[in-house]
Amino acid sequence: MNKTTKFAVATLASIVVLWGAGVWCSGHYAEEAMTSALNALNENLERRRAGGSLNFGIKTSYEQVQKGFFSQKGNIVLLPEGSDKKYRIPVEIDHGFLRLQAQADFYHFLNNLFLKSGIFEREGASALAYADVRLFPMNYSIKVKTAGSYTGAFLKAGESKFAQGSKDAKGVFSMHRSTFGKISMILDVKNAVTPYGTVGNIYVSDLFSEDSNAFGTVHAELSDMNLHNTGVDEINALKADVNTIAGKNADSFGVKVALDVESTKGQGQAILSTGNFSAKALEQSGAGVGEVLASPMLLWQYFTKDEAYLTLEHLKFDVDYTSPEGQVSYGINGQGGVTFSPSDLSLSSVNGAFSFIFENINAQGEGIIDAIGRNIFVKSAQGYRTDIHIDNGRLSFNGK
């Protein structure tokens with residue numbers, strides 16, 4: 001055996017040993033990695049439970065069932081609060097070179113939530129989760145994919161507009177944690193049928209850092225909306241961008257929201273900002289931006305004790321719709337803001353001012369001015385204007 005052949009054999013042997021060591025390391029630390037991840041999840045769930053952003057308690061754990069050199073099988077165990085009944089989600093984990101790849105089948109939950117209740121047809125329905133974890137450097141990706149076809153009876157009962165069109169629904173949730181602690185999450189749902197109506201497309205992306213207790217950056221789009229008897233029953237499409245802005249000190253921060261709305265009455269845009277939120281309060285609750293914004297009545301618990309604010313930086317809404325009296329047309333422009341004391345949530349702590357201008361008003365639009373109350377407006381070159389002042393909770397219009 002010449003030197004070249006010996007070197008090649010030695011190199012190949014080193015690669016095999018190194019690869020085998022990497023696979024062994026993945027298998028050796030797989031159970032520990034799963035347990036650590038679920039413990040972190042339990043801590044987050046507990047914080048959200050204690051903070052009031054989660055109304056149920058649950059504990060998760062990992063149990064190993066079978067282990068080999070290249071793979072293992074186990075279960076993610078869920079134990080609801082106040083119950084002795086455990087729910088097991090089967091997991092298969094492949095041991096790669098310093099890498100774990102897992103797949104879990106959520107068919108049991110899909111069956112309880114959507115199949116037994118007659119929402120999805122059994123044929124073709126699926127709910128699978130995939131995970132890819134790199135041990136060195138540490139990063140991971142998780143993806144959950146669901147798919148199913150609505151039953152004819154369910155669509156008929158809900159008078160869904162999908163009854164004559166697409167019967168298929170699908171959803172994808174993905175999360176990626178980079179080596180540097182950046183976490184991105186995406187939710188993409190098609191053809192969502194709810195008890196209140198339908199939403200054709202739902203897309204939400206969220207980006208934040210583990211070392212930051214602020215909200216992060218969120219972009220959301222809802223389109224082809226047809227919801228009834230709700231606060232958004234006139235909205236056809238909605239886009240929202242949520243960004244974190246600097247606060248008065250290291251513990252505080254604000255949030256800016258940019259909205260773009262298409263409704264049955266017209267189209268509009270608005271930019272709002274609010275603060276000062278407490279990073280410490282948010283961290284203790286474990287809440288995320290979705291939970292906080294979905295529960296605006298609970299916002300007070302995340303403010304600092306200092307002065308809080310809500311600012312309408314920009315509002316523009318162009319109204320154009322057909323009423324029984326004819327076509328209604330006018331535009332609204334507005335801006336302003338209020339401040340208040342979070343430690344004294346009462347009207348007497350609210351101070352601020354807003355200005356609104358109604359312009360391009362047609363004859364039917366004048367009827368809207370009458371319905372609102374013409375006495376609170378002042379005639380201007382653009383149309384009508386009203387300036388609203390709030391002094392310790394007391395309203396005044398145009399200085400009166």
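The model is a predicted one. Its protein chain holds six helices and 19 strands. Of the 400 residues in the chain, 36% are buried. The accessible surface comes to about 23,100 Å², and carbon and sulfur atoms account for 57% of that. If you look at contacts between residues at least 6 apart in sequence, 49% of them join residues at least 24 apart.

Let's begin with strand S16, residues 351–359. On one side of the pairing list is strand S15 (residues 326–340), which pairs with S16 in the antiparallel sense over nine bridges. You can find alanine 353 of S16 opposite glycine 337. S16 is also joined to strand S18 (residues 383–391), again antiparallel, by eight bridges. Here phenylalanine 358 has tyrosine 384 in S18 as its bridge partner. Tyrosine 384 has another neighbour to look for: the charged end of lysine 379 sits over its ring, 4.5 Å from the centre.

In general, nonpolar side chains in soluble globular proteins tend to be buried together. The largest nonpolar core in this model has 31 residues, and Phe277, Tyr330, Phe354 and Phe358 have the most contacts inside it. Strand S12 (252–263), helix H4 (279–285), strand S14 (308–323), S15, S16 and S18 each supply at least two of its residues. S15 gives the most, with five.

Now for the aromatic rings, which form 10 pairs. Tyrosine 150 and phenylalanine 154 are stacked, because their ring centres are 5.7 Å apart and their planes meet at 20°. Which of the two is buried, and which partly exposed? Tyrosine 150 is buried, with a relative accessible area of 4%, whereas phenylalanine 154 is partly exposed, at 22%. Phenylalanine 277 and phenylalanine 303 have ring centres 4.8 Å apart and planes at 10°, so this pair is stacked too. It links distant parts of the chain, 26 residues apart: phenylalanine 277 is in strand S13 (residues 266–278), and phenylalanine 303 is in the loop between helix H5 (289–294) and S14. Both of these phenylalanines are buried.

Definitions and conventions
Residues numbered from 1 in each chain as written. Predicted model: local features only at pLDDT ≥ 70, side-chain atom pairs only at ≥ 80, totals over all residues. Heavy atoms only, no water. Pairing = 2+ DSSP bridges. Helix = DSSP H or I, 4+ residues; strand = E, 2+ residues; numbered from the N terminus. Core = buried A, V, L, I, M, F, W, Y, C linked by side-chain atoms within 4.5 Å. Buried < 20%, exposed > 50% of the residue type's maximum accessible area, 1.4 Å probe, protein only. Contact = heavy atoms within 4.5 Å. Areas by Shrake-Rupley, 256 points an atom, 1.4 Å probe, with all protein chains shown as cover. Phe/Tyr/Trp six-rings, centres within 6.5 Å; stacked < 30°, edge-to-face > 60°. Lys NZ or Arg CZ within 6 Å of the ring centre and 35° of its normal.
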